[in-house]
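Here are my notes on this one, point by point. Have the viewer open while you read.

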Amino acid sequence: MPPALTAGGYFFAFVREDGTILAKSANIDEVGLAGLKDIENASPDDPIFVDTKSSDGDNLRVYVRTINGPRERPIVMEVGRSTEPEREALRRLVFILIAGGIVGLTLSIGGGYWLAGYALKPIKVAMGKQQEFVADASHELRTPLSLIRANAEILKREADRQAGTNTESLQDIISETDRLAILVSRMLTLARADSGKAVMEAAPVDMGGLAQDTIREMRLLAADKE
């Protein structure tokens with residue numbers, strides 16, 4: 001047979017219904033031909049494809065069809081080739097898909113984790129600042145309340161004395177009440193600033209007067225703690 005007939009890894013054979021080979025290509029592996037049962041099932045109107053294996057264990061696909069031979073006697077034509085290239089390509093494709101899926105999943109998880117951390121960072125910073133603000137505000141509110149209570153206890157203990165002798169305690173209560181009002185006002189100002197509804201303005205502060213007021217106010221609490 002001319003080489004063109006067997007090019008591309010194809011092989012062919014013409015066999016009798018009992019499996020006897022009448023003609024074949026040079027590259028044929030007889031082990032890979034269809035069996036007698038498959039030959040019986042093939043017909044001119046209903047050809048079949050049969051999966052077989054070569055003597056080396058390679059997977060083959062064989063086309064089996066009954067045709068009219070010399071003197072109108074039926075013979076079976078078998079044409080086949082190895083399916084190993086396709087199977088190897090399929091195995092590589094499956095490997096690439098699995099490896100690509102694993103890499104893609106890893107990148108997705110890593111990217112999602114990074115994006116989540118990046119997106120949550122402002123929220124974490126805001127929550128940290130909020131906690132810090134609450135702690136500072138609690139500390140700032142505790143001191144005036146303690147002073148008001150201490151001065152009120154003094155007034156209670158010395159209720160029989162004239163009010164004029166407790167002017168300093170009364171003034172401290174008034175001052176601390178004003179301080180509480182200022183703190184609450186500043187908290188409201190900060191809340192408006194966070195919402196973007198307020199404009200912050202800087203103003204000078206008399207640090208000397210602030211220090212004197214703080215010393216005077218803390219003297220009472222310091223005396224209690226010696």
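1. First, some bookkeeping on strands: two of them pair if DSSP finds at least two bridges between them. Helices (H or I, at least four residues) and strands (E, at least two) are DSSP runs, numbered from the N terminus. With that in hand, 6 bridges join S3 to S4, and the two run antiparallel.

2. A word on provenance: this is a predicted model, where local features need pLDDT of at least 70 and side-chain atom pairs count only at pLDDT 80 or more, while totals for chains, interfaces and linings use all residues. Residues are numbered from 1 along each chain as its sequence is written, and side-chain values use heavy atoms, with hydrogens and water left out.

3. The overall layout: the chain has 4 helices and 5 strands, following the pattern β-β-α-β-β-β-α-α-α along the sequence. Of its 226 residues, 20% count as buried (buried is under 20% relative accessible area, exposed over 50%, partly exposed in between, with a 1.4 Å probe and protein chains only).

4. Now the sheet. It is open, has 5 strands in the order S2-S1-S5-S4-S3, and pairs antiparallel. S2 (21–24) and S3 sit at the edges with a single partner strand each, so one side of each has no neighbour in the sheet. On average, neighbouring strands are turned by 25 degrees against each other, direction ignored (axes are lines fitted to C-alpha atoms, for helices over the stretch in contact, and angles run from 0 to 180 degrees between N-to-C directions).

5. Val15 has Ile21 in S2 as its bridge partner. The hairpin of S1 and S2 has 5 residues between the strands, and Gly19 there takes a positive phi near 95 degrees.

6. Which rings pair up? A search of the whole structure gives 3 aromatic pairs. The ring centres of Phe12 and Phe14 are 6.0 Å apart with planes at 70 degrees, so this pair is edge-to-face (rings of Phe, Tyr and Trp, the latter by its six-membered ring, pair if their centres lie within 6.5 Å; planes under 30 degrees apart are stacked, over 60 edge-to-face, the rest tilted). Phe12 is buried at 10% relative accessibility, whereas Phe14 is partly exposed at 23%.

7. Another pair is Phe49 with Tyr63: centres 5.2 Å apart, planes at 55 degrees, so tilted. Phe49 lies in S3 (residues 48–53) and Tyr63 in S4 (residues 59–68), so the pair ties together parts 14 residues apart in sequence. Phe49 also stands opposite Tyr63 in S4. Phe49 is exposed, at 57% relative accessible area, and Tyr63 is partly exposed at 21%.

8. Helix H2 (residues 84–157) lies across S4 and S5 (74–82), at about 35 degrees to S5. Thr83 is in the loop between S5 and H2 and is buried at 17% relative accessible area. Leaving aside neighbours within four places in sequence, Thr83 is in contact (heavy atoms within 4.5 Å) with Asn59, Leu60 and Arg61.
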